[in-house]
Amino acid sequence: MHMIIPPAQRLAQVEEYYFARKLAEIRRRTAAGENIINLGIGSPDLMPSEDTLKELISSALEPGHHGYQPYRGIPQLRTAFADWYMNTYGVTLDPEQEILPMIGSKEAIFHISMAFLNPGDRVLIPDPGYPTYTSVTHLAGGVPVYYPLTQANGWYPDFEALAATDLTGVKIMWVNYPHMPTGAPATYALFEQLIAFGRTHGILICHDNPYSLILNPEPMSILSVPGARDVALELNSLSKSHNMAGWRIGLAAGRADYLNEVLRVKSNMDSGMFLPMQQAAVKALANPGAWHQERNEEYRQRRLIVMEMMRSLGCAFDEKQTGMFLWGQIPSYADSGEAFSEELLNQIQVFITPGFIFGPAGQRYIRISLCASRKRLQEALGRILEYQLARA
């Protein structure tokens, strides 16, 4: 039976998010009795800090804290973000003009695209890269133009090759370092090249930066490069760095005039964040260094188990990766990352993300999340070892 009212044509180029489908399948199978270990998605299983939770509860009990809030967020939150940027990245931001709180950085990707893209404008998107860059570009009427990231080049853009291509009509370039899914770290030289590239070609460089505090010894912001504000915006989030993925709190940072255009979209799409969550975020942004060190130590221990999983599966990987995932190249006998992932799910009930969802360059890769307890990871490793023994 056909729908009486057809959907918008823009949806012809947009599929339901892979994880939405796959996690629904896993939930159905779990409900049917399968003991599936889900190592697919980067949703932190650790708790926010105690001060964060106490502030949320106490603020929510205040009668006057349940109304609409300013579209720019409360001043205390913008100031807390500015302090965090100074303490973490050494970057000075004007909390009144250069910070726009967001309902997560995924929302910011959409709002920025809607603010700057006209139908037919082209957008540089990394391959491999975050799938939302592509889907949002389509929804905004833009045209994705994929630029390859290769292992041989450290998963960094080849700027000479990019400059030699036809960049006519390119308006935005999405970048993301530390890179997801490969874990390639940021470097100051890379950020300098990106800013120079954006300036030369008149392209807005949008840097998505949610992983900089996870197992990354040198957190960096692209806004630390002189002149970056002329051609760059940066997105950040409390999802990974503060164990607050479900809270949906992030920010866009950069020049006031760019952010004002984004605000024109945002102010028509939401009615501000719940005040107790904003006040709790202020507390979270003040978490001491010891809290972050403790979180990273837990991830470090988990990473050792996941590295052993990769070795047991015969996957090649770079031990210098950063972030909350491990990216590995599948063995030669495997047909594809998707087939490899499906076999593990169906044979031993361990779900690992296939790399193809991040672009064609990820076809022969898998990604394992660190967002599971050490006990659960050890159980997954045990299943893999038994599986490989049976295959031998």
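Start with the largest cavity: select Pro178, His179, Met180, Pro181, Gly183, Tyr211, Thr322, Gly323 and Phe325, which line this space. A cavity is defined on a 1 Å grid over the protein atoms alone, as a set of points where a 1.4 Å probe fits but cannot get out; lining residues have an atom within 4 Å of a point. The model you are looking at is predicted: local features need pLDDT of at least 70, side-chain atom pairs count only at pLDDT 80 or more, and totals for chains, interfaces and linings use all residues. Residues are numbered from 1 along each chain as its sequence is written, and side-chain values use heavy atoms, with hydrogens and water left out.

How big is the volume of the largest cavity? It is about 40 Å³. A volume here is the space filled by probe spheres set on the grid points, which are joined across faces, edges and corners. Colour the lining by class: five residues are nonpolar, four are polar and none is charged. Ala, Val, Leu, Ile, Met, Phe, Trp, Tyr, Cys and Pro count as nonpolar, Asp, Glu, Lys and Arg as charged, and the others, Gly among them, as polar.

Stay with Met180 and Pro181. The peptide bond from Met180 to Pro181 is cis, with omega near 25 degrees. Pro181 sits in the loop between β5 (170–175) and α7 (188–201). Helices (H or I, at least four residues) and strands (E, at least two) are DSSP runs, numbered from the N terminus.

The structure holds two cavities of 30 Å³ or more.

**Next stop: the largest pocket**

A pocket is an open set of points with protein on both sides within 12 Å along at least five of seven lines. Select Glu15, Pro131, Thr134, Ser135 and Ile357: of the 24 residues that line the largest pocket, these lie nearest its centre. The volume of the largest pocket is about 570 Å³. Which elements give two or more residues to its lining? They are α1 (18–31), β3 (122–127) and α5 (131–139). α5 gives the most, with five residues. By class, the pocket lining splits into 12 nonpolar, seven polar and five charged residues.

Now select Asp127 and Pro128. A cis peptide bond joins Asp127 to Pro128, with omega of about 10 degrees. Pro128 lies in the loop between β3 and α5.

Two packed helices are described by the angle between their axes and the distance between the axes. Axes are lines fitted to C-alpha atoms, for helices over the stretch in contact, and angles run from 0 to 180 degrees between N-to-C directions.

Show α1 with α11. Their axes come within 13 Å and cross at roughly 10 degrees. The two helices are therefore roughly parallel (an angle under 35 degrees). Contact means heavy atoms within 4.5 Å. Lys22, Glu25 and Arg29 of α1 meet Glu342, Leu345 and Asn346 of α11. This contact has one nonpolar, one polar and four charged residues.

Glu343, Leu344, Gln347 and Ile348 of α11 touch Arg383, Ile384, Tyr387 and Arg391 of α12. By class, that makes four nonpolar, one polar and three charged residues.

**Last stops**

Select Arg248. Its phi is positive, about 60 degrees, although Arg248 is not a glycine. Arg248 sits in the loop between β7 (232–237) and β8 (250–254).

Finally, zoom out. The protein chain has 12 helices and 12 strands. The radius of gyration of the chain is 21 Å, close to the 21 Å that the globule rule gives for 392 residues, so the chain is as compact as a globular protein of that length. That radius is taken over C-alpha atoms, and the rule is 2.2 Å times the number of residues to the power 0.38. Along the principal axes, the C-alpha atoms fill a box of roughly 60 × 55 × 55 Å.

Key. Parallel < 35°, antiparallel > 145°, perpendicular 65-115°, else oblique.
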